[in-house]
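Here is a short report on one protein model. Look at the sequence and the structure first, then read on.

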Amino acid sequence: MRGVTERSAPEPDDSRVVTPAQKLRNRIPDRYVSLRQFALACGVPYSTLTTLLARGPGGASFELVIRLCRELELDPLELLSER
């Protein structure tokens, strides 16, 4: 068919979806002056924290995610919700 173009489905609006890493990153400044200070308070290397925030907590150990959430007074299940 000449002159007919395919229409693709509209892409979902992802502007309101907050990733788990973004949730952690957004919560840190509420309680700490810097990422480095937060890493020290949690007892994790700064490089581990920055990697986790860049890639998301999916590859991190359960223990580490729980430790970060406790320090931020964040329910770990909140990381799973898309709000």
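## Overall fold

The protein has four helices and zero strands. From the N terminus on, the order is α-α-α-α. Helices (H or I, at least four residues) and strands (E, at least two) are DSSP runs, numbered from the N terminus.

Residues are numbered from 1 along each chain as its sequence is written, and side-chain values use heavy atoms, with hydrogens and water left out.

The pLDDT is the predictor's confidence in each residue, from 0 to 100. The protein averages 84, and 80% of the residues score at least 70. Helix α1 (residues 20–31) has the lowest confidence, at a mean of 92. Helix α2 (residues 35–42) has the highest, at 96. Where pLDDT is low, the predicted coordinates should not be read in detail.

## Surface and packing

Of the 83 residues, 27% count as buried. Buried means under 20% relative accessible area, exposed over 50%, and partly exposed in between (1.4 Å probe, protein chains only). The protein exposes about 6500 Å². Carbon and sulfur atoms supply 51% of that area. Accessible areas come from the Shrake-Rupley method with a 1.4 Å probe; for residues, only the protein chains shown count as cover.

Contact means heavy atoms within 4.5 Å. Take contacts between residues at least 6 apart in sequence: 61% join residues at least 24 apart.

## Helix α4

Helix α4 spans residues 62–71. Its buried residues are L64, V65, I66, L68 and C69. They pack against α2 and α3 (46–55). Just after α4, E73 takes a positive phi of about 50°.

The structure holds one salt bridge. R67 forms it with E63, and the closest N and O atoms are 3.2 Å apart. A salt bridge is a side-chain nitrogen of Lys or Arg within 4 Å of a carboxyl oxygen of Asp or Glu. Because R67 and E63 are four residues apart in helix α4, about one helical turn separates them. R67 is partly exposed, at 30% relative accessibility. E63 is exposed, at 54%.

## Aromatic rings

The structure holds one aromatic pair. Y32 and F38 form this tilted pair, 5.2 Å centre to centre with 55° between the planes. Rings of Phe, Tyr and Trp (its six-membered ring) pair if their centres lie within 6.5 Å; planes under 30 degrees apart count as stacked, over 60 as edge-to-face and the rest as tilted. Y32 is buried, at 11% relative accessible area. F38 is buried too, at 1%.
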